[in-house]
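This report describes the fold of one protein chain and then turns to a few of its residues. Please consult the sequence and the model shown here while reading.

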Amino acid sequence: MKKYILKHINIGHLKNINCFLKYISDIDQKHCVYTLPEATHFETRKRAEQIKKKFKHPDLWEVKVIEK
C-alpha cells in the first residue's frame, strides 16, 4: 500500500540528516522529526501537496512515496 510523506531537501545544516514532516491537523502544527515512523503518512499525493503549499518555502520540501 502506498503512503506519502514530506521530506526536507538535504541542503544547508540538514545536508547529512534526513528530516521529515510531522503534521498535527487539529491545531495546524508542523514540525520536523528525524525518523520515518514518527513522520505523518498521507493517504494521497494530493493531500501531501496541499500541506506542502502551506510552507513559507515549499520548494525545500519534496513528496516521497513509501510502501507500507
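The model is a predicted one, and the values below are computed from it.

## Overall architecture

The protein chain contains 1 helix and 4 strands. Along the sequence these elements follow the pattern β-β-β-α-β. The radius of gyration is 11 Å, close to the 11 Å that the globule rule gives for 68 residues, so the chain is as compact as a globular protein of that length. Taken along the principal axes, the box filled by the C-alpha atoms is roughly 30 × 25 × 20 Å.

Of the 68 residues, 32% count as buried. Among contacts with a separation of 6 or more, 55% are accounted for by residues 24 or more positions apart.

How do strand 2 and strand 3 run, parallel or antiparallel? The two strands run antiparallel and are joined by 5 bridges; strand 2 covers residues 20-24, and strand 3 covers residues 29-33. Together they form a hairpin with 4 residues between them. In the turn, Asp28 has a positive phi of about 50°.

Two facing positions illustrate the pairing. Phe20 stands opposite Val33 in strand 3, while Tyr23 stands opposite Lys30 in strand 3.

His31 also belongs to strand 3. Leaving aside neighbours within four places in sequence, His31 is in contact with Phe20, Leu21, Lys22 and Ile24. In a regular strand, side chains alternate between the two faces of the sheet.

## Two loop residues

Ile9 lies in the loop between strand 1 (2-8) and strand 2 (20-24). Which residues does Ile9 touch, not counting those up to four places away in sequence? They are Asp59, Leu60, Trp61 and Glu62.

Thr35 is placed in the loop between strand 3 and helix 1 (45-52). The C-alpha atoms of Thr35 and Asn18 are 7.8 Å apart in space, and the two residues are 17 residues apart in sequence.

## Accessibility and separations

Buried means under 20% relative accessible area and exposed means over 50%, with partly exposed in between. Ile9 has a relative accessible area of 28% and is therefore partly exposed. His31, at 33%, is partly exposed, and Thr35 counts as partly exposed at 37% relative accessibility.

The table lists one C-alpha to C-alpha separation for each of these residues.

| Residue pair | Separation in sequence | C-alpha distance |
|---|---|---|
| Ile9 and Glu49 | 40 residues | 15 Å |
| Thr35 and Asn18 | 17 residues | 7.8 Å |
| His31 and Asn10 | 21 residues | 16 Å |

In summary, the predicted model shows a chain with the pattern β-β-β-α-β, in which strand 2 and strand 3 form a hairpin.

Methods:
Residues are numbered from 1 along each chain as its sequence is written. This is a predicted model: local features need pLDDT of at least 70, side-chain atom pairs count only at pLDDT 80 or more; totals for chains, interfaces and linings use all residues. Side-chain values use heavy atoms; hydrogens and water are left out. The radius of gyration is taken over C-alpha atoms; the globule rule is 2.2 Å times the number of residues to the power 0.38. Buried means under 20% relative accessible area, exposed over 50%, partly exposed in between (1.4 Å probe, protein chains only). Contact means heavy atoms within 4.5 Å. Two strands pair if DSSP finds at least two bridges between them.
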